[in-house]
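Here are my notes on this structure, point by point. Please read them with the coordinates open.

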Amino acid sequence: MYRYGYGGMMFDYTYVLVLIGAVLCMLASAMVRSTYSKYARVRSMSGMTGAQVATEILRRNGINDVAVVHVPGDLSDHFDPRNNTVNLSDSTYGSTSVAAIGVAAHECGHVMQHHTGYVPIKIRSALVPAANIGSKIGLPIIILGLIIGMTPLAKIGIWVFSIAVAFQLVTLPVEFDASHRALVMLEEYGILAHDENAQARKVLTAAALTYVAAAASSILQLLRLVLIVNGNRSNRR
Ligand SMILES: [Zn+2]
């Protein structure tokens with residue numbers, strides 16, 4: 001019991017998996033920040049701001065029910081389908097850099113996904129409530145199952161936690177597709193020149209890697225929980 005007890009759970013060998021996940025996330029985050037800051041200093045030839053680019057992309061696609069708004073923060077850009085707003089952060093909204101234009105176009109890529117009924121974003125949206133619950137109560141259920149010695153309860157906790165992992169996985173095609181749509185539109189509408197487009201691609205690829213790292217980290221965490229629950233069962237046999 002000393003190895004898999006509640007206190008021991010924090011220090012057993014499977015904790016290495018959690019540490020690997022944390023390191024991956026830190027590396028990805030450092031990479032996106034350095035790539036972003038590099039291309040945030042490259043002003044685009046068109047001289048358009050992130051907000052102007054988003055507005056132009058929406059106009060070209062005949063989308064007039066989505067507003068482009070300014071939100072505080074750094075790299076907090078997102079499209080909110082609940083109130084149909086493209087939210088651009090301090091570093092994107094008024095900036096004419098290649099990085100800002102890439103991010104603004106990426107958020108419009110999400111608008112286009114909703115507009116065209118792209119299936120992975122529908123699945124992702126449908127998973128949001130369950131994933132929120134799964135990430136909050138999955139682990140407590142597992143710990144409770146281990147404490148009171150009920151392996152079936154711990155296993156239910158693993159399934160609940162898995163919903164949060166599934167959400168992270170379905171986020172990947174959604175993010176890569178939004179970036180792909182963004183780069184195609186920026187080139188097609190003549191907003192970025194060909195070499196600028198390659199720079200925007202670097203920024204968006206680095207941003208996508210943070211989602212890859214987050215997904216890898218949650219898979220590692222799931223693997224760890226499975227190992228603990230299975231180890232606990234064989235320990236008691
Ligand atoms: Zn995105």
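1. L186 touches V53, I57, I101, G102, A105, I191, L192 and N197, leaving aside neighbours within four places in sequence. Contact here is heavy atoms within 4.5 Å.

2. Ground rules. The model is predicted: local features need pLDDT of at least 70, side-chain atom pairs count only at pLDDT 80 or more, and totals for chains, interfaces and linings use all residues. Residues are numbered from 1 along each chain as its sequence is written, and side-chain values use heavy atoms, with hydrogens and water left out.

3. Largest core. The largest nonpolar core holds 28 residues, and I57, V86, L186 and I191 have the most contacts inside it. Two or more residues each come from α2 (50-60), β3 (85-88), α4 (98-115), α6 (151-188) and α7 (194-236). The largest share, seven residues, is from α4. A nonpolar core means a set of buried Ala, Val, Leu, Ile, Met, Phe, Trp, Tyr and Cys residues joined through side-chain atoms within 4.5 Å. Buried is under 20% relative accessible area, exposed is over 50%, and partly exposed is in between (1.4 Å probe, protein chains only).

4. Overall layout. The protein chain has seven helices and three strands. Their order from the N terminus is α-α-β-β-β-α-α-α-α-α. Helices (H or I, at least four residues) and strands (E, at least two) are DSSP runs, numbered from the N terminus. The C-alpha atoms fill a box of roughly 70 × 35 × 25 Å along the principal axes. Of the 237 residues, 47% count as buried. Among contacts with a separation of 6 or more, 72% join residues 24 or more positions apart.

5. Helix α2. Its buried residues are G50, A51, V53, A54, E56, I57 and L58. These pack against β1 (67-70), β3, α3 (90-93), α4 and α6. Just after α2, G62 takes a positive phi of about 65°.

6. Largest pocket. About 800 Å³ of space lies in it. The lining has 30 residues, with D77, H78, E107, E175 and Y211 nearest the centre of the pocket. At least two lining residues each come from α1 (15-39), β2 (78-80), α4, α5 (119-147), α6 and α7. Helix α7 gives the most, six residues. By class, the lining has 15 nonpolar, seven polar and eight charged residues. Ala, Val, Leu, Ile, Met, Phe, Trp, Tyr, Cys and Pro count as nonpolar, Asp, Glu, Lys and Arg as charged, and the others, Gly among them, as polar.

7. Pocket method. On a 1 Å grid over the protein atoms alone, a pocket is an open set of points where a 1.4 Å probe fits, with protein on both sides within 12 Å along at least five of seven lines; lining residues have an atom within 4 Å of a point. Grid points are joined across faces, edges and corners, and a volume is the space filled by probe spheres set on the points.

8. Second largest pocket. Its volume is about 180 Å³. Lining residues include V128, N132, F161, F167, Q168 and Q221. Helices α5, α6 and α7 each give two or more residues to this lining. The largest share, five residues, comes from α6. Which classes make up the lining of this pocket? Six residues are nonpolar, five are polar and none is charged.

9. Backbone points to check. L75 has a positive phi of about 55° although it is not a glycine. L75 sits in the loop between β1 and β2 and counts as partly exposed because its relative accessibility is 30%. N84, also not a glycine, has a positive phi near 50°. N84 lies in the loop between β2 and β3 and is partly exposed, at 26% relative accessibility.

10. Proline in a helix. P129 is found in α5. At 48% relative accessibility, P129 counts as partly exposed.

11. Cysteines. The whole structure has zero disulfides (a pair of cysteine sulfur atoms within 2.5 Å). C25 is partly exposed, at 26% relative accessibility. C108 is buried, at 0%.
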